[in-house]
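Dear colleague,

I am passing on the structure we spoke of, placed just below, and after it you will find my notes on what turned up in it. Please read them with the model open beside you.

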Amino acid sequence: MPVLVLASASPARRAVLRAAGIEPVVRISDVDEDAVAAALPPDSAPSTVVEKLAEAKANAIVAAGELPADCVVVGCDSMLLVDGELQGKPYAPEVARERWKAVAGRSADLLTGHCVLRLIDGAVTASAVDCSTTTVHFADPDPADLDAYIATGEPLQVAGAFTLDGRGGWFVERLEGDPSSVIGIGLPLLRRLLHDVGLSIAQLWGDPPG
């Protein structure tokens, strides 16, 4: 049975896969995301940026080796597109606050790049890359609520300074697109990419319970 290797430290991505019937093997890449993005042509499309970051993460895991003989490596990267500019993780409270000022009461596109690498005996036999886009309509949080949210630290380590599956979900009015991609890994797109490299979802579910 093929093993899905998730090239991400994100507990949210892992939780999405687990809830969907797949127990991933987690490998964390040490890719310098800022360096990868900076090396791209300045006129690169936003979708290209997140796709290249996802590719870099997946390829780094393959290069590190020590993977199951029969596996598929999945790399992802999410960024929020606001007024034509991509936003990654804010890291600092003051940055998170500025980003919320820019999107409060408005909408923005959450882009998630996906890279799937099929491996047999350590060699990549097939690959597929694509990006999902979901429009997020944000609420205009009460200032005290926003301060309390930022103080939790939750928005500091996530693209666009918000989560859908955590406290940030209180401040999302609605979505146009795939909710799972906003959490970090889009199941509909991943299903299609897995098909492109010759795998079905049923192969990754393993044996049925009982």
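**The main pocket**

The residues that line the largest pocket divide into 17 nonpolar, 8 polar and 8 charged. Please keep in mind throughout that this is a predicted model. The pocket has a volume of about 780 Å³, and of the 33 residues in its lining, Arg 13, Glu 33, Lys 57, Lys 89 and Gln 157 lie nearest the centre. At least two lining residues come from each of helix H1 (11–19), helix H2 (33–38), helix H3 (46–64), strand E3 (70–82) and helix H6 (179–183).

In helix H4, which spans residues 93–103, the buried residues are Ala 96, Arg 99, Trp 100 and Val 103. They sit on the same side of H4, because the arc they cover around the axis is only 100 degrees. An α-helix has 3.6 residues a turn, so residues three or four places apart point the same way. The other side of H4 carries Glu 94 and Lys 101, which are exposed. The buried residues of H4 pack against E3, strand E4 (85–87), strand E5 (107–120), strand E6 (123–138) and H5. After H4 comes Gly 105, with a positive phi near 75 degrees.

In H5, Leu 146, Tyr 149 and Ile 150 are buried. These residues cover an arc of only 95 degrees around the axis, and therefore lie on the same side of H5. Ala 144 and Ala 151 are exposed on the face turned away from that buried side, while the buried residues of H5 pack against H4.

**Phe 171**

Phe 171 belongs to the loop between helix H5 (143–151) and strand E7 (172–176), yet this residue is buried, its relative accessible area being 10%. Apart from neighbours within four places in sequence, Phe 171 is in contact with Trp 100, Phe 138, Ala 139, Pro 141, Asp 145 and Tyr 149. As for Ser 8, which stands 163 residues from Phe 171 along the chain, the C-alpha atoms of the two are separated by 25 Å.

**Cysteines**

How many disulfides does the model contain? The count comes to 0.

**Two loop residues with positive phi**

Most residues other than glycine have a negative phi, and with that in mind two positions may deserve a look when you go through the backbone. Glu 66, in the loop between H3 and E3, has a positive phi near 55 degrees, and at 75% relative accessibility this residue counts as exposed. Asp 121, in the loop between E5 and E6, is not a glycine either and has a positive phi of about 50 degrees; Asp 121 is exposed too, with a relative accessible area of 65%.

With best wishes

Key: Residues are numbered from 1 along each chain as its sequence is written. This is a predicted model: local features need pLDDT of at least 70, side-chain atom pairs count only at pLDDT 80 or more; totals for chains, interfaces and linings use all residues. Side-chain values use heavy atoms; hydrogens and water are left out. On a 1 Å grid over the protein atoms alone, a cavity is a set of points where a 1.4 Å probe fits but cannot get out, and a pocket is an open set with protein on both sides within 12 Å along at least five of seven lines; lining residues have an atom within 4 Å of a point. Grid points are joined across faces, edges and corners, and a volume is the space filled by probe spheres set on the points. Helices (H or I, at least four residues) and strands (E, at least two) are DSSP runs, numbered from the N terminus. Ala, Val, Leu, Ile, Met, Phe, Trp, Tyr, Cys and Pro count as nonpolar, Asp, Glu, Lys and Arg as charged, and the others, Gly among them, as polar. Buried means under 20% relative accessible area, exposed over 50%, partly exposed in between (1.4 Å probe, protein chains only). Contact means heavy atoms within 4.5 Å. The arc is that of the directions from the helix axis to the C-beta atoms. A disulfide is a pair of cysteine sulfur atoms within 2.5 Å.
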